[in-house]
Amino acid sequence: MGRKLPRKDVVIIGLGWTGSIMAYELADAGLDVIAIERGPWRNTATDYPPGYAADELRYRIRHELFLSPSQTTFTFRNKMDQTALPIRSWGAFMPPNGVGGGGVHWNAETWRFLPSDFVLKTHLTERYGAAFLPEDMTIQDWGVTYDELEPHYDRFEYLCGTSGQAGNVKGTLMEGGNPFEGPRSRPYPNPPQEQPFGHTLFGKAARDLGYKPFPQPSGNMSRPYQNPLGVRLGPCTYCGFCEWFGCGNYSKASPQTTVLPALVRKPNFTARDNSEVTRINLDSSGKRATGVTFVDAAGEEWEQPADLVVLSAFAIFNVQLLLLSGIGKAYDPETNTGVVGRNFTHQTISDVVSFFDPTKFVFNPFIASAAIGMCIDEFNGDNFDHGPHGFVGGGYMGQIQTNGRPIETTPVPPGTPLWGAQWKKAVKENYQSAMKPGTGVHGSMYSYRDVYVDLDPTYTDRFNRPLARITMDFHDNEIKQNKFLTDKFAEIFQAMGARQMVKEYRKAPYDVTKYQTTHLCGGAIMGSDPGTSALNRYLQNWDVPNLFVLGASAFPQNAGYNPTGTVAALAYWAADAIRSKYLKNPGQLINA
Amino acid sequence: MQDFAAVERGRYLTSAADCGSCHTIPGSDHPFSGGRPIETPFGVLVAPNITPDRETGIGAWSDEEFDAAVRSGRRRDGKRLYPAMPFPYFARMTSEDVKDIRAYLSTIDPVRNPVTVNHLPFPLNQRMAMAVWDELYFTPGIFKDEPSKSKQWNRGAYLVQGPGHCGACHTPKTFLGGDESSKPLQGYTLQGWVAPDITSGQGPLAQWSRDAVAQYLKTGHNQFAAAAGLMGEVVELSTSRLTDDDVKAMATYLKDVSGPKPTADSSADAKVLTAGGAIYQDLCSACHKSDGTGVPNLIPDLTHAATVNTGDPTTVLRVILQGAQSVATDREPTGPAMPAFGWQLNDEQVSAVASYVRNHWGKAQREPTEASRSRHEVHQSEPEQDAKPK
């Protein structure tokens, strides 16, 4: 045990989106708050200024802003009977590191989940019958409803200055918005971003096919904005260096551009960067957290005592730290018992690359932002009848091409040589007239008994702690879902006049080297039953009531949207529960 | 016995007079304990300890001795203070004002911190020389209302000319460091920053409304400019702590101070401006916009920022080379920063883009914009931003 620091009211582990939001809310309530962050402090002008923010090699290819696998990593296997090996270069997802967390390099696609997503098990069982679901699918209701989260979604959107077109304001459908979204209490704080040519064409083709396309809700500013904390953002310049990058000109919502400037002014808030929490400490009863142990940049170990512990690291690190701290029963897939590590999910992403006549189409793909795009939501969640299709789940799809950056934007038609003069010629011919939406089909991944996180029996980190081990593969349900959605997606490009299309279906086995999204979810899920969830509906740990665990680790399964809006709404929801309930009577908020 | 109302008045005046800016080392947990070096054109002076410590602070001083130091520039031993202590301005305060400041300072934790003030070279280290200076530049006497002006104007004039001591930085100085009283607030360069010409009439603040000036003082930001460097400190420690009425009063008075139009820069070469314009569009326009107008309260409007439109390019060059962190205040907590470009642009390129910024939008300057001199000068001081590729 390291040297003991003075006690704080609250210690927050990880200063990304959820840590920043919770730190602000609890400091605002007058509590003495310290946040401990594994990575460095980051500021716009010193860490990603416009002078070199647009460096594709540095940030995209060499992963400047992400966790370095040499610092820590995970092991991975598809099946329970395989031996997992450490991931040594990020592929399928990009674990964040540093102040701001994934909020620095995210796309800022700011979605809400569907009302039915939060009661998924009940909803699907009622509509299709229990037998319609695969036997090993372990989906659950969340224990919280869309209506309960609505005010918290709203707070996050107004914090971020989300640019978008409302589809449903208090039950009234709005022209041009997403007609499937749950009712929102008010429109987005900012109008949608301007759409580039190709994105506009996609919207038109989708409309002609009878869909209701709408602009993707974006945390890239469509105009200057001052949020309720007084913090300002500038208008987006559509430079197309957002995803994997920090925004150099204060135009993308991030903790740095929305919360941290207000948070650091609070005298009762402090932060330690480059310090990694190695353990949440418990008292002798094992029912109460006494604080955390962390190691600073010099390798010194410290104990930070606190009355309340908030675990708000990246999803899988939340799970790992719970397992390493002996909090909650570890999940065992053989007996289907235990809670920590279960219902781990990712996303089911695919794409359609389409080629148009260069003499007729000039898309200028470099004019973009990370959350730009025209989408349709007809095939998300349970927005359509799954009965005839034999699968559940879905996703939004859209022309959401985020950039035309030079190193990676080289779509060439099938049959083109992989290198040499012919390849160069094809790149030149197609750069302006090809469409490559990237994560064009954004499908859900539901949870299964044999997809989970536990501690690796072999590999350890620099502190000799076992690495987290991921066991994950695609199941037939998701493969069917993806086939159906990708074909529907391609029909829209066909209607736009593409002369050639390449459907890049997602196929099994799950490939940890191919990028999908960074949306790792689950492993420390919320719910109503301590037998099948690690957290109650307020994200409070069932076993250790003075521990709250924030982030996508709480998702019982992943929906067909980007998770950050829901992650942040849950953080506000938990903060509200702490402020209005827990602080008045610290203890378990739910009697299960 | 402490008079709470007097202490509160004193606390407010201590902010208005920005005592903490010199008498506290930035970031120190011991306010007013001195030790901060103050660069002057003649050498370095170190601000003394003004906590109530009896040995190393001012705890043993009588109120009369304190008043003599603040308003007459006289030390306890009768010797003269250097005018880095802006007593020629503080002389406009009443004895009651100064007594209240003393009352407030007496509530501060005493800190033992002996400070050697005088680091000037001979013969300037001889305080006798100050007798001549006082004769030339020091006019005693409290502020007198101008009866033809409004109450608000007079309050503003008192704050600007008295405790606020704005002219200490913003009024041009003679070779002896005294105010050029015929050119009030027409700009002066000190410690590597320009305290720009802040006159209206035809001066750089001509287009700023009274409310824009007040907003700048209160929040550090407005639609035109952002306070950084020394002015950032002034806003943080002084003007942001004043009431809305007082910053409006200061703005009312300042808007009534007229100055001439900054003169055109005949040396601005068309080729240089073309090169500067290309660099501007490449590196600057993402934030400051193609037309230089920026984003209100976030990114300065280069067509209206006083530091751009003042005669001396020092701040423009410094900020391009080194970057700048703007001030964060309760009303404007964002604190946006300008990144450094000194690692990326050579002297010629910095000069070109500075010339473009200072000439392109219709306001032009006397002096050619030389980056090499500035690069040398800013390297003497600590870098504002470390934005080199790591």
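1. Residues are numbered from 1 along each chain as its sequence is written, and chains are lettered from A in the order in which they are written. Because the model is predicted, local features need pLDDT of at least 70 and side-chain atom pairs count only at pLDDT 80 or more, whereas totals for chains, interfaces and linings use all residues.

2. Chain B is divided into domain 1 (4–137), domain 2 (151–220 + 228–257) and domain 3 (270–380), with bounds that come from an automatic or database domain assignment. Between domain 2 and domain 3 of chain B, the C-alpha centres are 21 Å apart.

3. Where these two domains of chain B meet, 20 residues of domain 2 are in contact with 19 residues of domain 3 (C-beta atoms, placed from the backbone, within 7 Å). On the domain 2 side, β5 (193–195), α9 (210–219) and α10 (229–237) of chain B each supply at least two residues, and α10(B) gives the most, with 4 residues; helices (H or I, at least four residues) and strands (E, at least two) are DSSP runs, numbered from the N terminus.

4. In chain B, helix α12 (residues 270–288) packs against helix α15 (residues 347–359) at about 90°, their axes being 7 Å apart; axes are lines fitted to C-alpha atoms, for helices over the stretch in contact, and angles run from 0 to 180 degrees between N-to-C directions. α12(B) and α15(B) are therefore roughly perpendicular (65 to 115 degrees).

5. Among the residues of α12(B) that meet α15(B) are B:Val272, B:Ile279 and B:Tyr280, and the α15(B) residues include B:Val353 and B:Tyr356.

How values were computed: Angles under 35 degrees count as roughly parallel, over 145 as roughly antiparallel, 65 to 115 as roughly perpendicular and the rest as oblique.
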